[in-house]
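The following questions and answers examine helix packing and a pocket in the model shown here.

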Amino acid sequence: MQSDTLLHICNFSTLFVCMVLKFPQIFVLIRAKSTTGVSLNSLLLELLGFIVFVTYQMYYDYPPPTYLEYPILIAQDVILLLLILHYNGSLRQSLIYTLVFVGGWRLLTVDKWIIDLAMSLCTFISAASKFAQLQCLWRSKDAGQVSALSWGLATYTCMGECKPSSPRCFAAVPLFFLKILTLAVCFPAAMFHFPTLYPLEIPYSNTL
């Protein structure tokens, strides 16, 4: 009984966090009007992983509560993508990305082996997304436009993926813990290396 209660708390808290996960990052980009340190490749990989996961769930008729947070995350990622393209002066490319993602989504459901293969790579794609963001931070030497709060919330939701109700639980254990390591160890290390990452409300301020 107690384990069921903890599982429900984990599920509802993860859903709540996912509803606001990208908001801090969105607000930071709007305030800064710059995307320095924010990786477009990381966002595209994350969005791809979310789409694959949701498509797999719907293809095999999983109950909606097992993937309800992912459409919310996809919507937030789309807003982030539009902001990044806007501030990079390449908003017209949004049409290309739309066609690619819609076409890829349709391709996933063409045959069973395609969606199964994509799902087997899903955790790897998610881990690659985290490393792409860290690589972007390292190259830019500027974490001013990266929200530490969003990354902290992402760490919590990443740990929530290991709950028994998740189809990805223990499906790719080494990569799962690699994601946790990236979020929980490498990111704080980047915070110390790039001091501008400390502030949560105004992380792009050069006066802090």
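Q: In which hand does helix 3 pass helix 7?
A: In this predicted model, helix 3 and helix 7 (residues 122-140) pack with their axes 8 Å apart. Where helix 3 passes helix 7, the crossing is left-handed.

Q: Are helix 3 and helix 7 roughly parallel or roughly antiparallel to each other?
A: The two helices pack at an angle of about 160°. Angles over 145 degrees count as roughly antiparallel. Helix 3 and helix 7 are therefore roughly antiparallel.

Q: How many residues of the contact of helix 3 with helix 7 are charged?
A: Helix 3 contributes Ser42, Leu45, Glu46, Leu48, Gly49, Val52 and Phe53, and helix 7 contributes Cys122, Ile125, Ala128, Ser129, Lys130, Ala132 and Gln133. By class, eight of the contact residues are nonpolar and four are polar, and the number that are charged is two.

Q: Which term describes the orientation of helix 3 and helix 6 to each other?
A: The axes of helix 3 and helix 6 (residues 112-120) come within 9 Å and cross at roughly 135°, in a left-handed crossing. Angles over 145 degrees would count as roughly antiparallel, and 65 to 115 as roughly perpendicular. The orientation of helix 3 and helix 6 is therefore oblique.

Q: How many nonpolar residues does the contact of helix 3 with helix 6 have?
A: From helix 3 come Val52, Phe53, Thr55, Tyr56 and Tyr59, and from helix 6 come Lys112, Ile115, Asp116, Ala118 and Met119. One residue of this contact is polar and two are charged, while the nonpolar residues number seven.

Q: How are helix 3 and helix 4 oriented, roughly parallel or roughly antiparallel?
A: The axes of helix 3 and helix 4 come within 10 Å and cross at roughly 155°. With the cut-off for the antiparallel class at over 145 degrees, helix 3 and helix 4 are therefore roughly antiparallel.

Q: How many nonpolar residues are in the contact of helix 3 with helix 4?
A: The crossing of these helices is left-handed. Among the contact residues are Leu43, Leu47, Phe50 and Ile51 of helix 3 and Leu73, Ile74, Leu80 and Leu81 of helix 4. The contact has no polar and two charged residues, and its nonpolar residues number 16.

Q: Which residues lie closest to the centre of the largest pocket?
A: The largest pocket holds about 320 Å³ of space. Of the 16 residues that line this pocket, the closest to its centre are Leu47, Ile51, Ile74, Val78 and Phe101.

Conventions
Residues numbered from 1 in each chain as written. Predicted model: local features only at pLDDT ≥ 70, side-chain atom pairs only at ≥ 80, totals over all residues. Heavy atoms only, no water. 1 Å grid on protein atoms, 1.4 Å probe; cavity = no way out; pocket = protein on both sides within 12 Å on 5 of 7 lines; lining within 4 Å. Points joined across faces, edges and corners; volume = space filled by probe spheres on them. Axes fitted to C-alpha atoms, helices over the stretch in contact; angles between N-to-C directions. Helix = DSSP H or I, 4+ residues; strand = E, 2+ residues; numbered from the N terminus. Parallel < 35°, antiparallel > 145°, perpendicular 65-115°, else oblique. Left-handed = near helix turned anticlockwise from the far one by under 90°. Contact = heavy atoms within 4.5 Å. Nonpolar A, V, L, I, M, F, W, Y, C, P; charged D, E, K, R; others polar.
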